[in-house]
Every structure is written in structure tokens, then in C-alpha cells.
Amino acid sequence: MVAPLLLLINPLVDALVCASRCPGPSRPTPGLSSMVTDLSISKSVPQATPVLAQPPAASTDPPSDAAAPVTNAPKSVSDAPSTGGGALRNPPFYVDIPDVDPVFDNTTGQFVISASSFHFSPSAPVLVSKDLANWQIVGHSVPNFDTTTLNPGYDLQGDQTAYVGGTWASSLRYDSSNGRWVWAGCIAFRTTFFYAADKLEGPWKLVSKLDKCFYDCGLLFDSTGTYLVTNSRQSGSTTFSIGQISNDLRSLVKFEQVYIDHGHSVEGTHLYKRGDFYYIFGDDPGAMQEWVYRSKSIWTGWESQGKVFASVSNPIPRANKPHQGGWVSDGTHDWYIGFGDTWPCGRIFNVMPMSWVDDWPVLKDQASCPATVETPYGGGGSTPLSWKSDMTAYDARFEWNHNPDESKISWGSGGLVLTAATTTDNMLHARNTLCWRTAGPKSQTTVQLDVSRVAAGDRAFVSLFRDVSSYIAVADGKLTVRTGITYDHSSYKVVSAGTDGASAAFSGQTVWLRAIADVAPSGSASGSYAYSTDGTSFQALGSSVSLTKYYYSFTGYRFCVGTHATKALGGQVTVKSVAVDLVS
């Protein structure tokens, strides 16, 4: 039987959270007659689908690329060395990975996380781990933002932008009947997109678009159908709704409200089937609490657990409680993975052991998220956070600010060549700004640039990037620091190009620019800049800059590199290397 798909929706988001999380005017919800745009994608021959749709059992054969050399990034998590043995150390990956949706891949024996990345492109990063401790970003489910449906702001056309738009909480599951992975998510609060790939690494292809927003959705392939659970953006609502999607993902078969929780606002929903029961995991964002609901029927009989499933302290000092997570199981061991707001770094996930009692989930430690967790998988420790790339080829650690203009980008043996794609006085309007995550608690990035072809009026920069950004740049024969580059954290409109501050004369062809960021919630929430002409001796430039801790931007600070013209296009900068290191 071909597996059906379910989506879960809850029409209520906490009023305070939704007021900030939902930019732009509210839109009417299309009716059941809404059409789905079909885009073809190759499919495998349908296979029988188990109740818990999973990839087939892991092969005993070694992977075909097991001996392949790795230059820029590990091809699989097994190539990434552990920082310790024995127990997993929370947080296992101290970088911004929000809106986590975990699932187990029986094909490879790996744990998988799908996350959001908002206006960064490619979007919806996919992470894998063999041991829950060492994680690797291996791809993105959304290759770019489809501006045939979405507004031109995703291409940074003119003064149009899409800050804090893009991918929010979404869902990734394996469709065993078609032998492929499927990602589902509402983009721009209007359209639900379905992307699919044979492998987590991709390539990912757009399958269809549903003219209905399944906000913060959870996806389930079940023997009875394909379902999406959702919670609506409507402020003050506490209802869940479920939609049944046709097996080919081309139409909405049925859509019904299935539950009202009169006591809680719930979002970030996940939908599961275990034994005789369906389960919904949902987050109360204001209280930072995870609630669980169950029913033996997908459409009726939903009940609350009657108590909070997860409301525990965070092992990161001064970080918020881990919440808005999901359940994942290897078939023997069960885990809850939830993120905690950890500004200004971002939203950082933790791993907690759990079990089942009377068919309800129970955390092993119901008071605190443990700093260390024993697992049966070996490895242990946490994900290494220091790395270096020679920039000869793209890897999945990188994301562009909005869709890039690929005609102005060239990866090669000499590094990444960025030709200025935009004439503007504001970095936030510049296309082809390449970004990567800051690492906690404190980290620095060092970027080697060949600036011999930077034209008069161009600014080749390394930035600390968020709603209030800054940068150090090579511009017109000098190095300069600019601060106060801002988009408003309620309207998400660009409001300031910033002002130049400290500067130093520069006339060379090669420079190393460094940005340093203290992103721990218990730290100074500050950054600084430095430069070097030999890659060894660095000179600080300017005073420290403040890093914002507002949650409204929903992503943490990124390190970025880019260039833009202020007079005329034609100049170039070559990025020779990028490195990230933890610092004390």
C-alpha cells in the first residue's frame, strides 16, 4: 500500500511570540479546494510501507566513499573526530540549529535532524550523527527560495528583502513507499512546499506547492495515509488541525481541526505513530514547555497527557529551557532532542534520554537537562567546533544571505571569487554574502582575502551578522570598521546602513580579516575585529561592538564574508580561506 501523508496544524501561537515571529500582514487561509502545483521528480518503484515508515535496514557493506579523501568538510559524521570519549556532552553542537525535527535513518544507522534557517539560502539544513554527540551538516532540503511563488525580496531585488522569512519550523521524513526523503514546510506564511531527495545530501528537488500554510508542521507517512499536523499563526488560538495529503503530494484530501487545548498555546508540532497510538509533541513557547497529546485515531479522540512532558533547566548557563523538540528512537533507545534560546549564539539543541510509561513519554531526568548523557553508541564528547576551509568548493556549513546570484560566484583551485553583484551603500542589500555559524561560548573567524581586484568604491568585508550587524572592510585604500547596520526586529525592514568608525591605512593585495564573538548568554555579548598582513600577527581595529540578544530575529549571529559596490559593478574579491576557532 502506498503510504499516506499527515500534517498537523495548531491555529494558536502564543500572542507575544506570534506578534514577533509573524512578519507582515495576516493572510486568509485558502479552503480545501486550494490547488497544488505539481513539479515532476523521479520516483522509485513503490514498496510496502510499515506502520512506522523508515528506510530499509542498514547494509553491512561499507559506504562507497569510505576511503575518499576529504578536504573541506567530512562527507559523513564518522569522518569527524570526537572531542572526547564515553558520555555525550550537552550541548553536543554549540551552534545555531533551531526548530529541530529529529528522525532515525535505518538505512545508515544515523540520527538525522532537520532545522530551520529562515532567510539564509540554501535553507532547511540537514544534520546527521552516528552517536548523537558528533554532528555534521550534510545538505539543505530547500536549495533556494522559489521567487516564482515568493516575493522578489528573496533575491534582494532593489530595496526588497525577506529578513526572518524563509524556512521556519518544518519536518523531514522518509517515504518508504517511494524510496525517498521528503521535506515539508510553510514558507512566507502562505505556501507549503514539498521537496524530495533520494539521499539526505541531495540533490533536493521541488515536488509540489500547496496553497495553504501548514505552519510549524509535522509530517507522518503512515499505512493509512500521509498526514501533516499544524498550529495556526492566529494569535490566541490553541487548536491543532490535521491535513491528509495525497500519496503523490499533489493535493489536499482532507483537513480537520482535531483538538483544542484550553490551557496552552502550542506550536512547533511533531506527529508520530507508536504502537496503537498517534502522538503530537507541541511546544508552549511562552512557558518553554513541551506537551504531548495522543489518540488511537488520527481524526478523533485526542487527549492531553495532563502534565508537562519537558520543562527542564539548561546545562548552558543562563540559557533558556530546552523545548520545541521531538522524539527519536533507534528502535531500542528513546531520546528527546529540544533546543533552548541561547542568545546571542542562537537556539542550541540538547539530547535527553526518555522512556515510555503507560504509553506516555517520560524524561529520565524531569528537573534538568543533564550536562552529560551516557549512550550505547560509542564516540561521546561533542562536535568539534574548530575547522578550516580552503574555499575551493562549496560545503554545507555555508549559507548565503538570501538567494545568491550564481553568475557572480566562482569556486576553484584559487578559492572563492566573488564579483560585486550589487551597487548599494548597505551590506544588508548586497547579494552574495556568504555566512557560517558562530560557535559558543566564544569563537573567532579568520578570513584570508585577495583584494587586488577590489574596485574603487567597493567594500570587501567580514561581518558579525544579525539584526544589528557590523563589519571590517577593505575600502578605498584603507581598512575600516562599520557598525549599526540594522534591520528592524519587528517589521524586518532595513533601517540603517550604519556608520564608519575606526580605520587604518592599507595598500597590500592580501589581508587576513578576523571577527571575534562572545556569544554565550552568560558572556559579554560583544564582538571585535582585527586584521593581519601576514596571517600571523594581528592588529585590533576599533572598539568592541554589542551583539543583540533579542529573540525576534530567530537566528543567532553569523560570521559572513562578501563584497559590494558603491559606485559601479566590476570589482572582485577572492576568498582564499576561512577558519573558525574557539577562543577563551
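**View 1. Ring pairs link Phe118, Trp168, Phe189, Tyr215, Tyr550, Tyr551, Tyr552 and Phe554 into a cluster.** Rings of Phe, Tyr and Trp (its six-membered ring) are paired here if their centres lie within 6.5 Å, and a pair counts as stacked with planes under 30 degrees apart, as edge-to-face over 60 degrees, and as tilted for the rest. The model is predicted, so that local features need pLDDT of at least 70 and side-chain atom pairs count only at pLDDT 80 or more, whereas totals for chains, interfaces and linings use all residues. Residues are numbered from 1 along each chain as its sequence is written, and side-chain values use heavy atoms, with hydrogens and water left out.

**View 2. Phenylalanine 120 and phenylalanine 465 form an edge-to-face pair.** By the ring-pair rule the count comes to 36 aromatic pairs. In this one, the rings are 6.1 Å apart from centre to centre, with 65° between the planes. The pair links distant parts of the chain, 345 residues apart, since phenylalanine 120 belongs to strand E6 (residues 120–121) and phenylalanine 465 to strand E32 (residues 459–465); strands are DSSP runs of at least two E residues, numbered from the N terminus.

**View 3. The charged end of arginine 397 sits over the ring of tryptophan 387.** The distance to the ring centre is 4.0 Å, and the rule asks that CZ of Arg or NZ of Lys be within 6 Å of the ring centre and within 35 degrees of the ring normal. Lysine 212 likewise lies over the face of phenylalanine 255, at 4.2 Å from the ring centre.

Methods: Helices (H or I, at least four residues) and strands (E, at least two) are DSSP runs, numbered from the N terminus.
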